[in-house]
There are 2 protein chains.
Amino acid sequence: MTMMNLMNLLGEKKYREIAVKLKEQNVVDLADLLMGLDAELQPLVFRMIDKSKAAEVFSYLDDEEQQALVQKFTPGEISSILEALSADDAVDFLEDMPANVVTRLLENVGADTRNNINRLLKYEEDSAGSIMTTEYVTLHQEMTVGQALDKILRVGINSETVYTCYVVERRRLIGIVTGKDLMTNHRDTRIADLMLKEFICVHTTDDKEDVAKRFSKYGLIAMPVLDKDELLVGIVTFDDAWDVMTEETTEDIQKMAAMESNDESYLRTSVFSHARHRIIWLMVLMFSASITGAIITRYEDAFAVIPLLVSFIPMLMDTGGNCGSQSSTLVIRGLAIDELHFSDTLAILWKEFRVAILVGVALSVMNGIRIFIMYRDLGIAIVVSISLMATIMVAKLVGCMLPIAAKRCKLDPAIMASPVITTVVDTCSIIIYFKIATMIFKI
Amino acid sequence: MTMMNLMNLLGEKKYREIAVKLKEQNVVDLADLLMGLDAELQPLVFRMIDKSKAAEVFSYLDDEEQQALVQKFTPGEISSILEALSADDAVDFLEDMPANVVTRLLENVGADTRNNINRLLKYEEDSAGSIMTTEYVTLHQEMTVGQALDKILRVGINSETVYTCYVVERRRLIGIVTGKDLMTNHRDTRIADLMLKEFICVHTTDDKEDVAKRFSKYGLIAMPVLDKDELLVGIVTFDDAWDVMTEETTEDIQKMAAMESNDESYLRTSVFSHARHRIIWLMVLMFSASITGAIITRYEDAFAVIPLLVSFIPMLMDTGGNCGSQSSTLVIRGLAIDELHFSDTLAILWKEFRVAILVGVALSVMNGIRIFIMYRDLGIAIVVSISLMATIMVAKLVGCMLPIAAKRCKLDPAIMASPVITTVVDTCSIIIYFKIATMIFKI
């Protein structure tokens with residue numbers, strides 16, 4: 001059903017027809033439809049959605065819509081949605097509500113759900129604990145495949161969480177059994193004979209970005225989460241890990257453009273908050289760039305004699321900045337996806353050194369020829385070409401080293417991207433340029 | 001087992017012990033271990049790996065290792081690996097081999113495998129067809145759950161591919177059944193009563209990036225791929241979609257730093273190829289930056305009179321570039337993850353306009369005060385502040401508009417990032433600066 005259809009049917013008050021059409025929709029598309037509606041129509045349409053799908057649709061809504069909807073709900077409706085949500089989705093929703101509202105909402109749900117939710121609410125924001133869910137299937141090694149399938153029928157909530165079952169012994173994880181094993185073995189087979197004793201797991205306090213990287217590396221559907229006593233307390237599913245990966249990449253890209261990271265969407269972020277996230281880095285970089293300016297004033301005599309010198313400043317600064325950004329970007333991304341490590345430092349330096357020579361020679365020669373043709377001044381052409389070559393060498397080496405140094409100092413390498421590199425390289429290129437110019441022209 | 005252990009055991013020729021320890025390892029870790037070994041030891045260790053895991057380990061090796069290994073294999077070994085690889089992994093491997101080698105390798109495999117592989121080799125590099133696999137489970141609606149499970153036992157290859165089964169009627173996809181449905185329903189239940197008739201699918205010619213976005217949106221484990229006649233020809237699994245997402249993000253980030261995209265890893269890319277990917281954009285931007293230089297020469301008189309003017313050029317250029325990069329980065333990322341669309345153009349412009357005013361006022365005031373304190377020259381402080389304010393306004397608006405314009409012209413928005421924006425904004429800021437300076441100081 002398109003938005004247009006829905007609006008028309010709503011206008012004609014054909015509610016039964018809407019309910020039938022909503023049945024055919026995927027939960028993600030239903031959430032999209034709801035978010036496209038005016039606020040006052042949302043509760044009406046939400047109530048027409050099939051009970052079995054309502055909680056999942058709710059979990060796909062943006063924070064604003066969730067909060068607005070919940071205000072119009074009866075306590076009964078709230079409790080049935082909270083009970084039906086998987087624990088991690090319930091926590092995602094509650095985390096954005098004021099504390100007193102959370103307490104009131106939790107009064108309406110059963111003790112089990114409340115305990116689960118309260119436990120998850122305690123984990124640190126960026127930890128594996130904060131993205132895990134407590135809905136998973138545990139088995140015992142003396143069970144048979146038949147008993148395991150019966151248990152899944154009883155407790156299995158949604159698909160991602162039943163395709164890996166966890167064999168425990170006094171809450172300690174001793175093996176895993178895949179859904180495929182259960183599907184393709186006789187009902188009498190013992191779990192002990194099926195289970196894999198080698199498995200990948202994470203801990204509640206692990207950084208969620210590292211968890212996402214493990215998913216990426218091993219291509220798993222779900223991963224068990226252990227607490228500090230090595231007891232099984234939850235699982236992370238691949239779809240949540242995928243979201244973490246997208247979020248972390250967005251944050252990295254924002255940092256690379258000199259912004260503080262922000263996980264709200266662009267349009268939902270207020271003007272004031274946009275400005276706040278951008279202004280600090282701009283301020284720091286603006287004052288750093290003034291250093292380059294102060295250096296230029298030292299060479300006032302030089303460009304008083306040869307004013308043409310000034311006109312090559314933008315080209316030198318931009319090209320140096322671009323060369324440095326290329327190197328730093330490659331290194332930052334390599335570090336982010338675990339393709340490069342600190343131990344590769346020398347290999348990276350040696351590679352960038354050779355690339356810088358190739359790129360430097362090509363650009364300097366082209367630029368020298370252009371300047372000679374345009375200004376018929378061999379001296380200027382030589383000075384600018386040598387400066388460009390030196391600037392490119394410095395830019396490439398600074399560009400590849402700063403992200404590695406940041407990583408070494410436990411800083412995020414992403415901050416050492418284009419803006420910072422450009423500012424650092426600018427200062428170098430101006431010094432190099434005027435030193436060479438004053439030397440060659442003996443000013 | 002660590003690399004060190006393995007090397008020691010290899011040195012002592014304790015091959016049986018190695019084989020036992022290799023058994024406990026995950027396939028991804030085994031591939032890592034193999035790639036850490038010298039080339040001459042790789043075939044020896046590879047042959048010690050369990051037959052059941054060997055093909056999967058092979059699929060996780062880098063191209064170079066695969067090619068080196070295969071040269072040392074007997075025709076029998078090659079055919080058993082090719083048969084055991086899933087079709088998409090086999091194709092990935094074969095795509096990097098010379099055509100005559102591919103023909104020779106395919107002579108050793110059965111007709112079915114050969115046909116499957118040949119079919120997949122025909123799809124375009126960036127299409128859904130190129131990342132799909134032909135191993136999937138088809139069911140018929142008159143089958144029962146029991147018969148379905150028996151079929152999975154017979155044909156199911158690896159886990160990701162059995163958790164969604166496809167109900168077909170003369171190769172046309174009419175519904176899907178999840179593994180969970182099969183696990184939690186009685187063996188006599190008819191597939192027709194279980195199957196979902198609403199499902200998300202893609203077509204062989206769809207861009208693989210769009211396929212990855214659908215996975216991200218719907219959180220699915222696998223998605224069916226239809227050909228142009230709407231017949232089912234393959235499936236894409238989430239782990240392959242995840243790889244596509246990572247690859248495409250890396251490409252975007254490279255383009256944003258003015259490089260041609262390159263899907264080889266940093267260290268594996270040759271110096272020459274690194275230089276080639278970087279040089280064209282640098283050249284284009286270098287010559288564009290010369291325009292800014294040429295504009296400066298028009299104002300030689302101005303800075304002959306007030307040399308101090310030159311020293312604010314780097315600060316204005318850098319701050320303008322940074323402001324523009326922030327806006328363009330937010331828009332590029334928003335477009336990439338489908339959070340922003342062409343229809344949001346006005347909302348984005350209006351938001352950036354207001355952000356630019358806030359940021360512009362803050363930076364201009366701070367900078368004006370600094371200049372006044374340092375140089376005790378109110379005229380200069382005012383000229384630079386007004387220029388900075390105007391530059392920031394232009395930078396933010398150019399920065400958010402160019403990526404949207406690129407998208408509209410079917411270009412990749414990622415090329416409109418920091419380097420291009422900086423070059424465009426530089427020209428604007430220099431013109432604004434000298435226009436204002438010459439006007440106020442009447443030079």
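How far apart do the C-alpha centres of domain 1 of chain A and domain 2 of chain A lie? Here are some notes on that and on a few other contacts, with the reminder that this is a predicted model.

1. To take the opening point: the C-alpha centres of domain 1 and domain 2 of chain A are 28 Å apart. For orientation, the domain assignment of chain A places domain 1 at 3–125, domain 2 at 138–247 and domain 3 at 271–441.

2. What do domain 1 and domain 2 of chain A share by way of contact? Five residues of domain 1 touch five residues of domain 2 in chain A. Between these two domains of chain A about 350 Å² is buried, with carbon and sulfur atoms giving 40% of that area.

3. Do have a look at a helix pair in chain A. Helix α3 (residues 27–36) and helix α5 (residues 51–59), both of chain A, pack with their axes 9 Å apart and at an angle of about 65°. With angles of 65 to 115 degrees counted as roughly perpendicular, α3(A) and α5(A) are therefore roughly perpendicular to each other. Their crossing is right-handed.

4. Which residues make this contact between α3(A) and α5(A)? From α3(A) come V27(A), L30(A), A31(A) and L34(A), while α5(A) supplies K53(A), E56(A) and V57(A). Sorted by class, the contact of α3(A) with α5(A) holds five nonpolar and two charged residues, and no polar ones.

5. Turning to the two chains, the interface between chain B and chain A buries about 10,000 Å², and carbon and sulfur atoms give 71% of it. In terms of contacts, 113 residues of chain B meet 114 residues of chain A.

6. The axes of helix α20 (residues 345–375) of chain A and helix α17 (residues 271–297) of chain B cross at roughly 35° and come within 9 Å. This crossing of α20(A) and α17(B) is right-handed.

7. The residues that meet here include L358(A), V359(A), A362(A) and M366(A) in α20(A), and A275(B), I279(B), L282(B) and M286(B) in α17(B). Charged residues such as R354(A) in α20(A) and R278(B) in α17(B) are also among them. Taken by class, the contact of α20(A) with α17(B) has 14 nonpolar, three polar and five charged residues.

Conventions
Residues numbered from 1 in each chain as written. Chains lettered and ligands numbered in written order. Predicted model: local features only at pLDDT ≥ 70, side-chain atom pairs only at ≥ 80, totals over all residues. Heavy atoms only, no water. Axes fitted to C-alpha atoms, helices over the stretch in contact; angles between N-to-C directions. Helix = DSSP H or I, 4+ residues; strand = E, 2+ residues; numbered from the N terminus. Parallel < 35°, antiparallel > 145°, perpendicular 65-115°, else oblique. Left-handed = near helix turned anticlockwise from the far one by under 90°. Contact = heavy atoms within 4.5 Å. Domains from an automatic or database assignment. Buried area = accessible area lost by both parts, 1.4 Å probe.
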